[in-house]
Amino acid sequence: MSKLSRSSSSGYDDSADDSEKDTQVAPPPPGYATVPYIKEDTFVEEFYKPHTVTIGLLALTLIVYIAFNRNETDHESNVRWGFLAVCIAFLLFCAVHLPDGLLLRPHPAVWRVVLGVALIYLIILVYFLFQPVASARSILGFFDPSLNHPLPERSYASDCRIYTPDNPHSNFANIMDTLNDEFILAHILGHWGKGVMVRNWRICLALSIGFEIVEVTFQHALPNYAECWWDHVLIDILICNAVGCWLGLKTCAYFGAKDYNWVGLREIKSYRAKVARMVTQFTPIGWVPYEWRMFRSFKRFMYCMTIIILVNIVDNNAFFLKYILWIPPPHFLNPLRLFVWWFLALPTLREFYQFVTDSACKRLGTNSWVALGICGLEVLIIFKWSWEENIFSTPFPTYIYYPWILSITIWTTWCILYFSTIRLHKRNFWLNIHLEVLFYLGFVPMLFLFVAGCPDLQWGREWFQSIILELGLPP
């Protein structure tokens, strides 16, 4: 059995080759077949047969049994069970009949079910798009009576002291309270998942810092985004996000360094070895390192920026949806949405990488289009309901949107000069230095946005607003 070739998963190769797609891509993993569905030749053959009749009869038996052995006098229970039965029937259909993607383990049917769950979520979002926010809250309250109640406002910037000698419990009470928050674990697990998804430390770093900038940008509309500077920098970026990204990239390095030489289950003799082989069925059949090469061409750069922007939009949507729909942070709907997104993102990023690097791939896969549809619907719903709730009635402060305008202008200028003026291999040393200075100059307005926007810092806020008035710019 052949072994997969390996290469670094975190380095960029800004070579002189400006072609958007590679002419060669990683070969399919061993035991990979595509006709009519993908299957693994080294596992049990029966697991890859459709079994359409068997699954249909089992599903019909289960649904009929539940339908005829329930107390139908409870109207609310009937609606809940009916909705659950519809979802089960749809997912069983998806498990058998949806097309396969590029992921194989533990079984292609698992990823068909993931796509089916994403389709259910997309359909629910389409329905919610036609409802006012009050009706949406009532629907959620119908399925879970603990919902549809206003949430108490919570700010993480009410007391930003690091040292609290007057506190009877701890001299660092504010830091300890922040470390005991449920979002700490969410930060670590979330960035571990992002590391596994994108498999590149530069994109992970951009996602980590970028979302903290997003929080400062929208804190005037979302009180939950207001945090102390040390919460943003020390706890979020340098501790939680960094640990999560490091663990995620270490996971990628572990799987990337393995030799994949699978043995068929029927060829294994001992019972213990068979059990071990069945356990490894939940590990990848092979590992494809993502060489994004962000600065190789303009298209590659825009592809990577698309990933960074969309992931930050998905993260931002989570906070706005739970705020608008009155969903408490510990409620299971919040992690459920994140799990759906993460499991959908795995095949989505794999399809997207194939589209970026494979010259023979001319279209995005099904998972990618479903993910784009869900992201777009979440944004539309948030804008619609935010308009109803007057969440954006307070305009963006001048120290927020002017730095954004300035940074976007600088980076657009850099992008034009970097990709359109002189080819990469013809640039001299000093031209590269000037382009790098221009690129990093775009981060200066973002740094000012952060120090001026943090509630406990507010550095240069009044000075900047006075400059805007003197220049006669719109406030």
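Good morning. What I am presenting is a predicted model, so I begin with confidence. The mean pLDDT of the chain is 85, with 88% of its residues at 70 or more. Helix H15, residues 443-453, has the highest confidence, at a mean of 96. The lowest is found in strand S1, residues 32-33, at a mean of 42. Two stretches call for caution. Across residues 1-18 the pLDDT stays under 50, and the model gives this stretch 59 contacts beyond four places in sequence. Residues 28-36 are also below 50, with 20 contacts in the model beyond near neighbours in sequence.

The largest nonpolar core comprises 44 residues. Within this core, the residues with the most contacts are Ile203, Trp292, Phe301, Ile307, Phe352 and Trp414. Elements contributing two or more residues include helix H3 (108-129), helix H8 (229-257), helix H10 (298-324) and helix H13 (398-420). Which helix gives the most to this core? That is H11, with 7 residues. There is also a second, separate core, made of 38 residues, among them Leu115, Ala136, Ala221 and Ile374.

Let me take Phe352 as a local example. Setting aside neighbours within four places in sequence, Phe352 is in contact with Trp292, Tyr303, Ile307, Leu364 and Ser368. Of these partners, Trp292 and Ile307 are themselves listed among the residues with the most contacts inside the largest core.

Ser368 deserves a word of its own. This serine lies in helix H12, residues 366-389. Is Ser368 buried or exposed? Its relative accessibility is 5%, and since the cut-off for buried is under 20%, Ser368 counts as buried. Beyond four places in sequence, Ser368 touches Thr348, Glu351 and Phe352.

My last region is helix H14. This helix has 13 residues and spans 18 Å from its first C-alpha to its last, close to the 18 Å expected at 1.5 Å a residue. Its buried residues include Leu435, Leu438 and Phe439. Why do the buried residues of H14 line one face of the helix? Viewed down the axis of H14, they fall within an arc of 100 degrees, and so they line one face. In general, an α-helix has 3.6 residues a turn, so residues three or four places apart point the same way. The buried residues of H14 pack against H13 and H15. On the other side of H14, the exposed residues are Phe429, Trp430, His434, Val437 and Tyr440.

Thank you.

Key
Residues numbered from 1 in each chain as written. Predicted model: local features only at pLDDT ≥ 70, side-chain atom pairs only at ≥ 80, totals over all residues. Heavy atoms only, no water. Core = buried A, V, L, I, M, F, W, Y, C linked by side-chain atoms within 4.5 Å. Buried < 20%, exposed > 50% of the residue type's maximum accessible area, 1.4 Å probe, protein only. Helix = DSSP H or I, 4+ residues; strand = E, 2+ residues; numbered from the N terminus. Contact = heavy atoms within 4.5 Å. pLDDT = per-residue confidence, 0-100. Expected span 1.5 Å × (residues − 1). Arc of directions from axis to C-beta.
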